[in-house]
Amino acid sequence: MNQLRIRTLAALFAIAGVLSWGGARLWDTLGTLPGVPFAAPIVLGAIAAILLATALSLRARLKAQREREPGAKGVDPMMAARAVLFGQASALVAALVSGLYGGTGLYLITERADIPARAAQALYAGLSVVAGIAVIVAAVLLERICRLPEDDDENNNPPTAAA
């Protein structure tokens, strides 16, 4: 499984933000721009909380297992892999969604800040960006916690045939 790259997430955020800003500008000239849902930052915050709770739980269980504490529950490798996969998928989607809301929020702040309803929409968009960044941070933390220790090349070489 490949490790998440912050550059990839930042590029996805930036591309989505630019496209969203341009799309919001175009959409607003053609009609009414759809609003940012009130639930967007709440859902992203809930995902961040779930990822953080999973990361902290796995960290405690791995620490207890590493220190060979009596009665320590082990961590199933497949469960850890699924948690990391969920974290990576969540981080990619959060980068995309945060970029979309960031671009829309930027358009609302720069072009339509005089309308009170648009100011509230810009606030929801900003909170969505913050919650999306929290998802990314929690996902990266989860991935770092579940990372396997580096293997030594010297110890993993197959035995050579004796001549």
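Buried means under 20% relative accessible area, exposed means over 50%, and partly exposed lies in between (1.4 Å probe, protein chains only). Keep that rule at hand for the exercises below.

This is a predicted model, in which local features need pLDDT of at least 70 and side-chain atom pairs count only at pLDDT 80 or more, while totals for chains, interfaces and linings use all residues. Residues are numbered from 1 along each chain as its sequence is written, and side-chain values use heavy atoms, with hydrogens and water left out.

**Exercise 1. Describe the chain as a whole.**

Step 1: Take the helices and strands, which are DSSP runs numbered from the N terminus (helices are H or I, at least four residues; strands are E, at least two). The chain has five helices and zero strands, so along the sequence the pattern reads α-α-α-α-α.

Step 2: Look at burial. Of the 163 residues in the chain, 32% are buried.

Step 3: Turn to contacts, meaning heavy atoms within 4.5 Å. Among those between residues at least 6 apart in sequence, 85% join residues at least 24 apart.

**Exercise 2. Which residues of the largest nonpolar core touch the most other members?**

Step 1: A nonpolar core is a set of buried Ala, Val, Leu, Ile, Met, Phe, Trp, Tyr and Cys residues joined through side-chain atoms within 4.5 Å.

Step 2: The largest core has 23 residues, and L58, I136 and L142 touch the most other members. Two or more residues come from each of α2, α3 and α4, and α4 gives the largest share, eight residues.

Step 3: Follow L142. Not counting residues up to four places away in sequence, L142 touches L51, T54, A55, L58, A83, V84 and G87.

Step 4: In soluble globular proteins, nonpolar side chains tend to be buried together.

**Exercise 3. Is A131 buried or exposed?**

Step 1: A131 lies in helix α4. Its relative accessibility is 9%, so A131 counts as buried.

Step 2: Leaving aside neighbours within four places in sequence, A131 is in contact with P41, L44, G45 and A48.

Step 3: Compare sequence and space. A131 and I42 are 89 residues apart along the chain, and their C-alpha atoms are separated by 7.9 Å.

**Exercise 4. How many salt bridges are there, and which side chains meet?**

Step 1: A salt bridge is a side-chain nitrogen of Lys or Arg within 4 Å of a carboxyl oxygen of Asp or Glu. By this rule the count is one.

Step 2: The side chains of R144 and E143 form a salt bridge, at 3.3 Å from N to O.
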